Amino acid sequence: MTEIPKEEYVLKCTSACAGCPSSLILRYVLKAAGPDTVLVVPACCTSVIQGIFPSTALNVPVYNVAFAAAAACASGMSEALQKAGKKTNVIVYAGDGGTVDIGIQALSGAFERETDFLYICYDNEAYGNTGMQRSGSTPVGARTTTTPGGKIHAKKDLDAIVAAHNPPYLATACAAYPQDLFKKVVKALSLRGSKFIHVLAPCPPGWRFSSEMTIEMGKLAVKSGMWILYEREFGKVTINGPSKAAMIKPVPLEEYLSGQGRFKGIDRKAFDALKSQAQLRAEHLKKEADGLC
Amino acid sequence: MLTVATGNKAVAAAVKEVRPQVIAAYPITPQTEIVEQIAEYVASGELDSRYIPVESEHSAMAACIGAGITGARTFTATSSHGLLYMHEMVNWAAGARLPIVMANVNRAIGPGWNVWAEHTDAFQERDTGWLQVYVSTVQEAYDATIMAFRIAEHEDVLLPVMVNLDGFLLSHSMQSLETITPGSFVPPLHLPHAIDISNPAGYGTLTGPDEHFRFRWEIEQSMRKSVRVIAETEQDFAERFGRNYGVAEEYRYEDADVVVIAMGTLGKEAEVAVDLLRNEGVNAGSLRIRWLRPFPELDLSGRDIVVIDRDYSFGFGGILAHSLMARSRIEPYSVIAGLGGQEVTFDDIAGFVRDRKPGREFWFGVNGNV
Amino acid sequence: MYEIRIHSRGGQGGVTAARLLALAAFRDGKYATACPFYGAERRGAPVVSYVRIDDRPIRVYSQIRNPDLVVVLDPSVMEVVDVLHGLKPGGEVLINGRDRGTIQGYPARAVDLTGIALKEKLIVAGSPILNTPVLGALAKMGIISVDSAKNAIREMFTDERNVRAAEAAYQELVI
């Protein structure tokens with residue numbers, strides 16, 4: 001088993017919601033990154049979770065920046081630290097809104113310039129910090145405060161967009177698999193260039209399930225095939241164990257959806273769309289992993 | 001060294017002397033030559049900076065902010081729509097107390113597309129906490145850019161500085177330029193709140209009303225202290241390099257009964273108008289305002305004042321004229337002229353003085369008496 | 001103050017000609033400014049640049065209304081632009097091309113800058129370079145010194161053919 005450091009960089013005084021996956025993800029990200037790390041955080045739940053000035057619950061320097069600006073801010077930081085001869089890790093820790101929507105231009109620019117940094121998108125599939133409005137990452141059929149009848153558009157394929165920049169390392173992860181996440185962060189930080197990790201963050205208040213169910217919900221997401229754990233290293237795709245198993249014998253999608261209030265009353269059309277999108281994604285990734293495309 | 005240069009090339013040459021560690025910029029007409037020249041300096045090795053060719057102006061300022069908080073000296077340049085596009089981060093830079101220096105090549109704002117000189121772009125950023133200086137010659141563009149770094153980085157200021165030069169009129173005009181070696185005139189940057197790995201801190205975290213209010217007050221205190229820092233910096237510059245500027249440049253001002261007040265290249269053109277008027281027996285003088293922020297305290301009592309605004313606040317008036325009305329309690333003849341690069345000659349300016357109607361507003365070229 | 005207006009087409013080097021002329025005047029110990037009038041012009045469109053030369057610092061930024069000298073790098077612009085507009089009484093014209101005697105009463109000097117450029121094979125992107133040979137003609141007219149003309153060219157360009165072209169224009173222009 002991977003040795004996870006005992007040092008804590010997310011101290012026990014965050015203002016996160018009970019069962020919050022974001023602070024859990026960040027806890028393992030920082031354990032993997034270690035103390036020589038600067039976090040860049042655009043507007044997202046983590047802006048609040050870290051606490052109110054003059055206190056902070058995070059024990060690494062954190063630069064909070066405007067919503068659209070995280071990747072660009074990290075570009076400047078990375079260049080300046082290199083110029084000063086420092087090897088400090090620059091990690092963007094951003095929500096899905098700040099990544100797939102308002103921040104995607106800066107993200108694309110930073111990756112095109114091969115900025116040396118790690119971009120982590122923790123994805124709870126909506127604007128959680130402002131009370132669950134739809135984002136480009138909200139899946140079809142999910143109810144949010146701005147899609148009261150369920151979202152009619154599909155979730156944006158962020159990973160395909162990032163992959164189109166040919167980064168040295170791209171991976172998905174999930175809050176329910178912290179060891180897997182830890183290893184991926186370690187691997188990403190060992191490489192130079194623009195690295196990307198997309199982490200599913202099952203959000204109890206946003207998805208409307210009870211707060212002790214976060215890990216269970218994350219596992220169901222993977223086991224049902226709705227979230228696939230994989231890595232893309234210099235273009236080569238590897239599907240990770242839990243998702244390999246799910247591809248052979250998936251848990252029924254209903255099991256994943258029925259535990260979430262946001263999918264309550266989802267119509268057949270949206271359900272079928274969700275299911276076929278998941279299947280298409282799995283088939284495509286499998287082909288890539290097998291070297292068939 | 002004595003040479004000739006355009007306003008844009010002079011800014012780039014000044015940046016080369018001050019050697020920022022990180023430069024992030026996005027090209028826009030008529031600023032493009034600054035970015036190209038800096039890219040050239042970096043490519044040739046004449047300037048050992050990290051140059052980040054960002055994908056937008058918003059990202060240009062964001063990258064300067066990210067670099068700046070590590071303690072690096074940073075520079076960017078923009079114009080017009082680029083400045084407005086980075087507006088959010090322009091505010092952020094000042095609030096984060098980062099001494100970023102930016103050249104803004106003043107240009108009108110669309111629609112329709114207009115690439116010529118107007119000050120409304122930078123005037124729209126006047127409440128952001130940036131210091132703003134406006135220059136009128138190639139030499140001044142160079143000198144002001146060098147001084148901007150020292151003023152911004154002074155421990156009593158720690159606010160960003162914007163150097164403004166008129167699009168095309170100055171950015172693309174070639175004039176003589178004496179370059180200098182600043183040496184100890186611009187000491188190394190020491191940013192007291194730079195990121196320190198051994199002492200982790202949160203920057204820009206959630207901030208309550210009382211703390212936010214105090215931070216705003218601190219910006220204003222620094223802005224007030226910058227008046228002295230500007231004066232000291234310009235005096236030291238004059239002693240070392242022989243060129244003296246000041247918050248406003250006076251021309252035949254002492255005994256003038258009527259004073260033309262303008263900014264940028266119009267302020268220079270006004271001097272020629274003053275000579276013309278003096279030959280006619282009119283006791284005219286001119287005053288070219290250089291610093292918009294901090295805005296100068298000027299005693300203008302006992303004279304007729306003609307203010308030329310190359311900007312406008314719709315539903316209100318000429319921004320310079322109204323600023324002077326509030327600060328110096330004057331009732332000027334407010335002339336709106338030169339928007340979008342409208343041609344304004346010294347003859348025209350002399351005409352404004354001859355036809356002045358104190359307390360009235362006049363839009364030049366459109367029969368616009370208000 | 002001596003004011004010069006240069007007419008050319010976008011891409012022919014009129015802006016550089018103005019900058020070279022200002023640089024040469026500056027090397028003569030004069031004050032000089034060169035201001036291109038930028039429109040939305042693209043390659044091939046008629047363009048104008050201005051040069052002012054004076055013994056005192058120049059504070060005028062507005063366009064030149066009444067030039068002392070008009071330089072026409074491309075005579076074809078004369079079909080679409082009134083190049084003599086505002087030319088001072090007693091003003092002069094310098095035209096690239098054949099000798100035309102006087103134009104509307106103004107003495108018009110002519111020199112085949114295009115021929116000189118082609119002879120020296122000074123061609124960039126298919127167009128002959130006119131901005132360096134024209135400096136030789138302007139030196140012959142006494143607006144700048146020959147030395148400063150050559151020095152200005154050498155400050156901006158490393159190719160010595162530019163200097164030779166200026167020398168040729170100096171020789172060929174009849175005063």
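Reply: Angles under 35 degrees count as roughly parallel, those over 145 as roughly antiparallel, those from 65 to 115 as roughly perpendicular, and the rest as oblique. The model to which this is applied below is a predicted one.

Me: How are α3(C) and α5(C) oriented to each other?
Reply: Helix α3 (residues 133–140) of chain C and helix α5 (residues 161–172) of chain C have axes that come within 6 Å and cross at roughly 40°. Angles under 35 degrees would count as roughly parallel and those from 65 to 115 as roughly perpendicular. The two helices α3(C) and α5(C) are therefore oblique.

Me: Which hand does the crossing of α3(C) and α5(C) have, and what is the make-up of their contact by class?
Reply: The crossing of α3(C) and α5(C) is right-handed. Among the residues of α3(C) that meet α5(C) are C:Pro133, C:Val134 and C:Leu135, while those on the α5(C) side include C:Ala165, C:Glu167 and C:Tyr170. By class, the contact of α3(C) with α5(C) comprises 10 nonpolar, one polar and two charged residues.

Me: Which strand of chain B belongs to the open sheet of nine strands?
Reply: The order of this open sheet, whose pairing is mixed, is β8(A)-β7(A)-β5(A)-β6(A)-β4(A)-β3(A)-β1(A)-β2(A)-β9(B). Its edge strands, each pairing on one side only, are β8 (236–239) of chain A and β9 (202–203) of chain B.

Me: What is the bridge partner of A:Val62 in β9(B)?
Reply: Strands β2(A) and β9(B) run parallel and are joined by two bridges. In β9(B), A:Val62 has as its bridge partner B:Gly202.

Me: At what angle does helix α12 of chain A run to β8(A)?
Reply: Strand β8 (236–239) of chain A is one of the edge strands of the sheet. Helix α12 (residues 268–289) of chain A lies across this strand and β7 (230–233) of chain A, and its angle to β8(A) is about 120°.

Me: Between which chains are the most contacts made, and which element gives the largest share of the side of chain A that touches chain B?
Reply: Of the two pairs of chains that touch, chains A and B have the most contacts, and their contact takes 39 residues from chain A and 35 residues from chain B. The side of chain A that touches chain B divides into 23 nonpolar, 12 polar and four charged residues. Its largest share, 10 residues, comes from α3(A).

Me: How far apart are the closest C-alpha atoms of chain A and chain C?
Reply: No contact joins chain A and chain C. The closest C-alpha atoms of these two chains lie apart by 29 Å.

Me: Which element of domain 1 of chain B gives the most to the side that touches domain 2 of chain B?
Reply: Chain B is divided into domain 1 (2–192 + 203–241) and domain 2 (248–369), with 26 Å between their centres, taken over C-alpha atoms. In their contact, 26 residues of domain 1 of chain B meet 19 residues of domain 2 of chain B. On the domain 1 side, the most, five residues, comes from α8(B).

Note on methods: Residues are numbered from 1 along each chain as its sequence is written. Chains are lettered from A and ligands numbered from 1 in the order in which they are written. This is a predicted model: local features need pLDDT of at least 70, side-chain atom pairs count only at pLDDT 80 or more; totals for chains, interfaces and linings use all residues. Two strands pair if DSSP finds at least two bridges between them. Helices (H or I, at least four residues) and strands (E, at least two) are DSSP runs, numbered from the N terminus. Two residues are in contact if their C-beta atoms, placed from the backbone, lie within 7 Å. Axes are lines fitted to C-alpha atoms, for helices over the stretch in contact, and angles run from 0 to 180 degrees between N-to-C directions. A crossing is left-handed if the near helix is turned anticlockwise from the far one by less than a right angle, and right-handed if clockwise. Ala, Val, Leu, Ile, Met, Phe, Trp, Tyr, Cys and Pro count as nonpolar, Asp, Glu, Lys and Arg as charged, and the others, Gly among them, as polar. Domain bounds come from an automatic or database domain assignment.
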